[in-house]
Number of protein chains: 2
Amino acid sequence: MLTIGTLSKKTGTKVQTIRYYEQIGLMPEPGRTEGGQRRYDNAQLDRLSFIRHSRQLGFSLDAIRELLDLSDHPNRPCHEADAIARRQLKQVEQRMARLKALRTELKRMVHECSGGRTGDCKVLEVLRDHSECLTEHEEIGV
Amino acid sequence: MLTIGTLSKKTGTKVQTIRYYEQIGLMPEPGRTEGGQRRYDNAQLDRLSFIRHSRQLGFSLDAIRELLDLSDHPNRPCHEADAIARRQLKQVEQRMARLKALRTELKRMVHECSGGRTGDCKVLEVLRDHSECLTEHEEIGV
DNA sequence: GATACATCCTCTAGCCGCTAGAGGTTCAAG
DNA sequence: CTTGAACCTCTAGCGGCTAGAGGATGTATC
């Protein structure tokens, strides 16, 4: 029987986060002591590890919900899990491509900064005038 | 004199977002018509373009606040702007490194999926057992 | 001058994935 | 039996928007 604190330490998840996962139905409601404190078993520890590891690989909580569901039904065909992972891979590759373009632009900005006054600063100039950019980078928030 | 809708179209910023920027003090309070509608001038259009372009390059609203401040004072030395850009560059590079590791792992997962039942699915297996990973990827949320 | 209707206004609440804190209770060791 | 660490619930906040309700304004056309 594990307390929430033990689970927290074993998985590197904050206590509040574990309770949050329970609240949104990602973790099942655990047993309780007479006094009302949560007690977990090893199955629940495994489940939380799965969740955390998936988060580290960038899966959204919704995707994890699906993956957990698939994991709970070992006889179903696994192409769905595969599809989710492929989707995630694609997203990661898109993000990388975008970051690469940003890096190019930032490098150029920093490189061309003369170190003089802000009035002549290449960094600020580029920010002011998108046409000085070599790449397009329309989407915000990646 | 530009309406908020015109500003929105010209910069690709949603109307609500412009009002939000005003609310948090990133955009100045514009003039108003008698009826109370916002009217902007070209200086404000430039400012919004600066903000949006900076967002596209991944700067946080706080960083943009600093950059705008520097941009407003052309006689100051520009090493601060340079430092902010370098910081951003560093962050982008860190994210890229992390994404690269994730990509490796995801590729391997997807590649090893046999296409059978979920019970034997490599994707789910890897998620279950971190020790099957080649790389460490501890941080969440990049 | 009247009417239509697109655009504007304010306000509140929601998104994701947590995180923090207040204020109070329970558990386990000594 | 006392201490004090760990637990409990509840509410609110983070960044950076986004959506919708419910109503007012502005402009083009008749």
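Mentor: Before reading any surface by class, note that Ala, Val, Leu, Ile, Met, Phe, Trp, Tyr, Cys and Pro count as nonpolar, Asp, Glu, Lys and Arg as charged, and the others, Gly among them, as polar. This is a predicted model, in which local features need pLDDT of at least 70 and side-chain atom pairs count only at pLDDT 80 or more, while totals for chains, interfaces and linings use all residues. Residues are numbered from 1 along each chain as its sequence is written, chains are lettered from A and ligands numbered from 1 in the order in which they are written, and side-chain values use heavy atoms, with hydrogens and water left out.

Trainee: How many nonpolar, polar and charged residues does the surface near DNA strand D have?

Mentor: A residue is near a strand if one of its heavy atoms lies within 4 Å of it. Around DNA strand D there are 20 such residues, with Gly5(A), Arg19(A), Arg38(A), Tyr21(B) and Thr33(B) the closest, and by class the surface has four nonpolar, 10 polar and six charged residues.

Trainee: Which helices supply at least two residues each of that surface near DNA strand D?

Mentor: Helices are DSSP runs (H or I, at least four residues), numbered from the N terminus, and strands are runs of E with at least two. For DNA strand D they are helix 1 (4-11) of chain A with helix 2 (15-23) and helix 3 (42-56) of chain B, and helix 2 of chain B gives the largest share, four residues.

Trainee: What is the corresponding picture for DNA strand C?

Mentor: There, helix 2 (15-23) and helix 3 (42-56) of chain A and helix 1 (4-11) of chain B each supply at least two residues, and helix 2 of chain A gives the most, with four. The residues near DNA strand C divide into four nonpolar, 10 polar and seven charged.

Trainee: Which part of DNA strand D holds 81% of its atoms within 4 Å of the protein?

Mentor: Sugar and phosphate do, and the rest of those atoms belong to bases. On DNA strand C, a phosphate oxygen is 3.0 Å from an N or O atom in the side chain of Thr3(B), whereas Arg38(B) uses a backbone N or O atom, 2.9 Å from a phosphate oxygen.

Terms used. Polar contact = N/O pair within 3.5 Å; in protein donor to acceptor, adjacent residues only side chain to side chain.
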